[in-house]
Amino acid sequence: MWNFNSPKISYGRDSLEALENFSGKRALIITDEILSSLGYDELVLKKFERSEEILVKPKEPSKEEAVELSEKIREEEPEVLVALGGGSVIDLVKAARIISEVDIEPEEITPFTNLEELGFKGRNYFVAIPTTSGTGSEVTWAIVLRDEREKRKIIMANEKAIPDLAIVDPIFVEKLPKKLVVSTGFDALSHAIEAFLSTFSNPFSDALSLKAVEIIFKNFERSYEGDLEAREEMHVSATIAGLAFSNSQVGLVHALAHAFGAIFDVPHGEAIAAFLHPVLEFYKKKGVEKINEMSKYVGFDILKEVKRLSVRFGVKKIFELDFEGKINEIVKKTMEDSCIVTAPFVPGEEDLKGLLGEIACMREKS
């Protein structure tokens, strides 16, 4: 038996007003220092009569930070927990909320962990408000934390990690810097494409994937140029793509990006953007027919359009890093990443070394 998982979603301009349903509740708002400096936290804080705020560093969170935040959640005992930020802030709160109620290590949060049996009751109503248009974390069961000691990313997932309410209000992305428009836009695009190609894809995720791809290709460049209507469309499409991959899973693009990002401390979206086209080319060489099927559905060549956007936005810059000496380590971490399991073609170590070698040659020729 399969289930389709989704939180309640409020979207569109003024959707932040959904918080007024909780105005009398005691709230704890977690956001990052940059968003606070922009005054976005005030938009949320003023919706509550009683609230506290915790500011975190604007970076990918570690499991130690999740444990630290879980202790503060236990101390504050909020009725409503609000994560305001990009995927990093939302993932941090997802993990902290669970381990604030259940005495387990973050790594033990898996799809097969019965958290209710361990005592999880969902004591805090969890609201996620994305301020970027890419991760889809506001609607997914996935969590990504850094393991600083082992230089790796920990990929976790559980139905209880899904927020109770996602508020997708475009007001938070109107001033998004162009660099983030690109990296988060490619992240959303990769979610939509990888969800469709996944071996766990299904009729529900396929429909969402195709709609997200259609919206993203129509609006990505106009969003980059600052068109507010396109920004709103990209914001909604990122959530749609999040629903798709949360109910289907991703694949090799994410497995490689997690490994590369952990070793070289490259932001997730930039690594995703760099690997998306090379991996799709790799799949095509390996005979993955679903790429052609997706192109047929959307009415254009997915590979050509991804390449065009990659060139348009210059996304291969991370390959300027001298990574040849780290290929074995990248391959090892990629093979250990859970995302690789649902790839439409699961590569072996030699396949990955060949792919990374080809990417290195492309850099030398450019």
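## Helix 9 against helix 11

A crossing of two helices is called left-handed if the near helix is turned anticlockwise from the far one by less than a right angle. In this predicted model, helix 9 passes helix 11 in such a left-handed crossing. The axes of helix 9, residues 268–285, and helix 11, residues 302–313, come within 9 Å and cross at roughly 155 degrees. Because angles over 145 degrees count as roughly antiparallel, helix 9 and helix 11 are described as roughly antiparallel to each other.

On the side of helix 9, the residues in this contact are Leu276, His277, Leu280, Glu281 and Lys284, and they meet Ile302, Leu303, Val306, Lys307 and Ser310 of helix 11. Sorted by class, the contact of helix 9 with helix 11 has five nonpolar, two polar and three charged residues.

## Aromatic pairs

Across the whole structure, a search finds 15 aromatic pairs. One of them joins Phe4 and Phe204, whose ring centres are 5.8 Å apart and whose planes stand at 40 degrees, so the pair is tilted. Phe4 lies in the segment before strand 1 (8–11) and Phe204 in helix 6 (residues 203–224), so the pair ties together parts that are 200 residues apart in sequence. Phe4, at 39% relative accessibility, counts as partly exposed, whereas Phe204, at 56%, counts as exposed.

Phe260 and Phe275 form an edge-to-face pair, with 5.5 Å from centre to centre and 75 degrees between the planes. This pair links Phe260 in helix 8 (residues 252–264) with Phe275 in helix 9, 15 residues apart, and both Phe260 and Phe275 are buried.

## An aromatic cluster

Phe186, Phe220, Tyr224 and Phe313 together form one aromatic cluster.

Key. Residues numbered from 1 in each chain as written. Predicted model: local features only at pLDDT ≥ 70, side-chain atom pairs only at ≥ 80, totals over all residues. Heavy atoms only, no water. Axes fitted to C-alpha atoms, helices over the stretch in contact; angles between N-to-C directions. Helix = DSSP H or I, 4+ residues; strand = E, 2+ residues; numbered from the N terminus. Parallel < 35°, antiparallel > 145°, perpendicular 65-115°, else oblique. Contact = heavy atoms within 4.5 Å. Nonpolar A, V, L, I, M, F, W, Y, C, P; charged D, E, K, R; others polar. Phe/Tyr/Trp six-rings, centres within 6.5 Å; stacked < 30°, edge-to-face > 60°. Buried < 20%, exposed > 50% of the residue type's maximum accessible area, 1.4 Å probe, protein only.
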